[in-house]
Amino acid sequence: MPHAEHVFLDGRVTLQVGDLTDQAVDAVVNAANSSLLGGGGVDGAIHRRGGPAILEACREIRRTAWPDGLPTGQAVITTGGRLPARHVIHTVGPIYGRHGGREAELLGACYRNALALAEANGLRSIAFPAISTGIYGYPADQAAHVVSLALSRHLSGGTSAVDEVRLVFFDRRQLASFVAHHAFPA
Ligand code: AR6
């Protein structure tokens, strides 16, 4: 049982420390870049563990839907390959300081669009990493505020069939920062 401090929105959102690639959920979310062709951080870990089927599906998306790359804030879905998760939802977080003050809006869009895609595919459980807070430099305290507001608004709308959202942090310090700065209702 997760600690009560780590459970929000009537149990639909839980925080945990762990490796995103271990999560046995309907979909894990990849903090990708617009090429969709892999990178470091979570992206590298997902492709390493999930195997070549994920990259092949991403290449197909580039050939068809997004030949110029996936824009920041948008999301697409592929197989989970050999991951314990059935699917990967790839989204592109904002690079902090590179979007003329639209960073918060774009980070919120990543979470909203990933959830919308999960819903459109009949998925019920989803696990997110702390998008943009690694290589893309988004300050973790600000991200906690933006992400908790976006999830609160989306999930309290009453139309989402997603009933399990895991926010997975790589270490305890990142999780503690989120707990200190979130804006979930009490
Ligand atoms: N499980 C959970 N969290 C992780 C894991 C993991 N296996 N690995 C890293 N983190 P990042 P970004 C945390 O850099 O900032 C890639 O090259 C990490 O500590 O993966 O959105 C892409 O291709 C951090 O808190 O994503 C893009 O080019 C968070 O996940 C670029 O990085 C996100 O860190 C995207 O940068």
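## Cysteines

In this predicted model, the sulfur of cysteine 110 has its closest cysteine sulfur in cysteine 58, at 15 Å, which is too far for a bond. A disulfide is a covalent bond between the sulfur atoms of two cysteines. The cut-off applied to such a pair of sulfur atoms is 2.5 Å, and a search of the whole structure returns 0 disulfides.

Cysteine 110 counts as buried, with a relative accessibility of 0%. Cysteine 58 is also buried, at 0% relative accessibility.

In soluble globular proteins, nonpolar side chains tend to be buried together. The largest nonpolar core in this model comprises 33 residues, and those with the most contacts inside it are Ile89, Tyr111, Ile126, Phe128, Leu151, Val165 and Leu167. At least two residues of this core come from each of β2 (13-17), β3, α3, β6 (125-128), α4, β7 and α5. The element that gives the most is α3, with 7 residues.

Tyrosine 111 illustrates the packing around one of these residues. Leaving aside residues up to four places away in sequence, Tyr111 touches Phe128, Pro129, Ala130, Ile131, Val147, Leu151 and Leu167. Another core, of 17 residues, lies apart from the largest one and includes Val25, Val76, Leu83 and Ala85.

## The largest pocket

The volume of the largest pocket is about 550 Å³. Its lining is formed by 26 residues, of which Ala31, Gly41, Val42, Asp43 and Gly134 are the closest to the centre. Three elements, β3 (27-32), α1 (41-50) and β7 (164-169), each supply at least two lining residues. The largest share, 5 residues, comes from α1.

By class, the lining of the largest pocket consists of 13 nonpolar, 10 polar and 3 charged residues.

## The second largest pocket

The second largest pocket has a volume of about 160 Å³. Of its 16 lining residues, Ala130, Thr133, Ala143, Phe169 and Phe178 are the closest to the centre. The helices α3 (103-120), α4 (140-155) and α5 (172-181), together with the strand β7, each supply at least two residues of this lining. Here the largest share comes from α4, with 4 residues.

The lining of the second largest pocket has 13 nonpolar and 3 polar residues, and no charged residues. Ala130, one of the residues closest to the centre of this pocket, is also among the residues touched by Tyr111.

Leucine 9 is situated in the loop between β1 (7-8) and β2. Although leucine 9 is not a glycine, its phi is positive, at about 50°. Its relative accessible area is 17%, and leucine 9 is therefore classed as buried, the threshold being under 20%.

Aspartate 10 lies in the loop between β1 and β2 as well. Its phi is near 55°, again a positive value in a residue other than glycine. With 84% relative accessibility, aspartate 10 counts as exposed, since that class begins over 50%.

Terms used
Residues are numbered from 1 along each chain as its sequence is written. This is a predicted model: local features need pLDDT of at least 70, side-chain atom pairs count only at pLDDT 80 or more; totals for chains, interfaces and linings use all residues. Side-chain values use heavy atoms; hydrogens and water are left out. On a 1 Å grid over the protein atoms alone, a cavity is a set of points where a 1.4 Å probe fits but cannot get out, and a pocket is an open set with protein on both sides within 12 Å along at least five of seven lines; lining residues have an atom within 4 Å of a point. Grid points are joined across faces, edges and corners, and a volume is the space filled by probe spheres set on the points. Ala, Val, Leu, Ile, Met, Phe, Trp, Tyr, Cys and Pro count as nonpolar, Asp, Glu, Lys and Arg as charged, and the others, Gly among them, as polar. Buried means under 20% relative accessible area, exposed over 50%, partly exposed in between (1.4 Å probe, protein chains only). A nonpolar core is a set of buried Ala, Val, Leu, Ile, Met, Phe, Trp, Tyr and Cys residues joined through side-chain atoms within 4.5 Å. Contact means heavy atoms within 4.5 Å.
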